[in-house]
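Please keep the sequence and the 3D view open while reading.

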Amino acid sequence: TRRSSDLERYRARYLRGDSLPGGWADVVALAPRAPDQPYSDVVIWVDRNDGLLRRIEITETSGQRRVIILRELRVNQPIPTREVTFATPRGVRVVDQ
């Protein structure tokens, strides 16, 4: 199957530059192209120094607004195996179809 690109799934619009505690970010609005999404728009802050997301504001179709602020991001760090290994909880019946 072909995976659609973000540009095919969202309409992006540059809003402005904005300050962050550590520098500047570009603020971009993303509107989903498909009408059946659980949110009406998303606004992201992209750090100009490292290109990482620093803030995300999501407006759900219900009107609920969520703000996520990302601090102390570290990339390419080792992850302990126990953090990414799934173990079936005791008492769960697994059905393989």
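The sections below describe the structure part by part.

## Basis of the model

This is a predicted model, in which local features need pLDDT of at least 70 and side-chain atom pairs count only at pLDDT 80 or more, while totals for chains, interfaces and linings use all residues. Residues are numbered from 1 along each chain as its sequence is written, and side-chain values use heavy atoms, with hydrogens and water left out.

Helices (H or I, at least four residues) and strands (E, at least two) are DSSP runs, numbered from the N terminus. Two strands pair if DSSP finds at least two bridges between them. E1 (residues 10-20) and E2 are antiparallel, with ten bridges. Asp18 stands opposite Ala25 in E2. Two residues separate E1 and E2 in their hairpin.

E2 also pairs with E3, again antiparallel, over six bridges. Here Val28 faces Ile44 in E3 as its opposite residue. The hairpin of E2 and E3 has six residues between the strands. Why is E2 largely enclosed by the rest of the structure? Seven of the ten residues of E2 (residues 23-32) are buried, so the strand is largely enclosed. Buried means under 20% relative accessible area, exposed over 50%, and partly exposed in between (1.4 Å probe, protein chains only).

E3 (residues 39-47) and E4 (residues 53-60) share seven bridges in the antiparallel sense. Val42 stands opposite Ile58 in E4. Their hairpin has five residues between the strands, and Gly51 there takes a positive phi near 75 degrees.

E4 continues to E5 (residues 65-69) through five bridges, also antiparallel. Ile56 stands opposite Ile68 in E5. The hairpin of E4 and E5 has four residues between the strands, with Gly63 at a positive phi near 100 degrees.

Trp45 is in strand E3. Trp45 counts as buried because its relative accessibility is 5%. Its C-alpha atom is 9.6 Å from that of Arg16, a residue 29 positions away along the chain.

Arg55 lies over the face of Trp45, 5.0 Å from the ring centre. A charge sits over a ring if NZ of Lys or CZ of Arg is within 6 Å of the ring centre and within 35 degrees of the ring normal.

## The largest pocket

The largest pocket has a volume of about 200 Å³. On a 1 Å grid over the protein atoms alone, a pocket is an open set of points where a 1.4 Å probe fits, with protein on both sides within 12 Å along at least five of seven lines. Its volume is the space filled by probe spheres set on the points, which are joined across faces, edges and corners.

Lining residues have an atom within 4 Å of a point. Among them are Leu20, Asp47, Arg54, Arg55 and Glu72. The lining divides into four nonpolar, one polar and five charged residues. Ala, Val, Leu, Ile, Met, Phe, Trp, Tyr, Cys and Pro count as nonpolar, Asp, Glu, Lys and Arg as charged, and the others, Gly among them, as polar.

Most residues other than glycine have a negative phi. Glu72 has a positive phi of about 50 degrees and is not a glycine. Glu72 sits in the loop between E5 and helix H2 (81-84). Its relative accessibility is 76%, so Glu72 counts as exposed.

Asn76 lies in the loop between E5 and H2. Asn76, not a glycine, has a positive phi of about 55 degrees. Asn76 counts as exposed because its relative accessibility is 78%.
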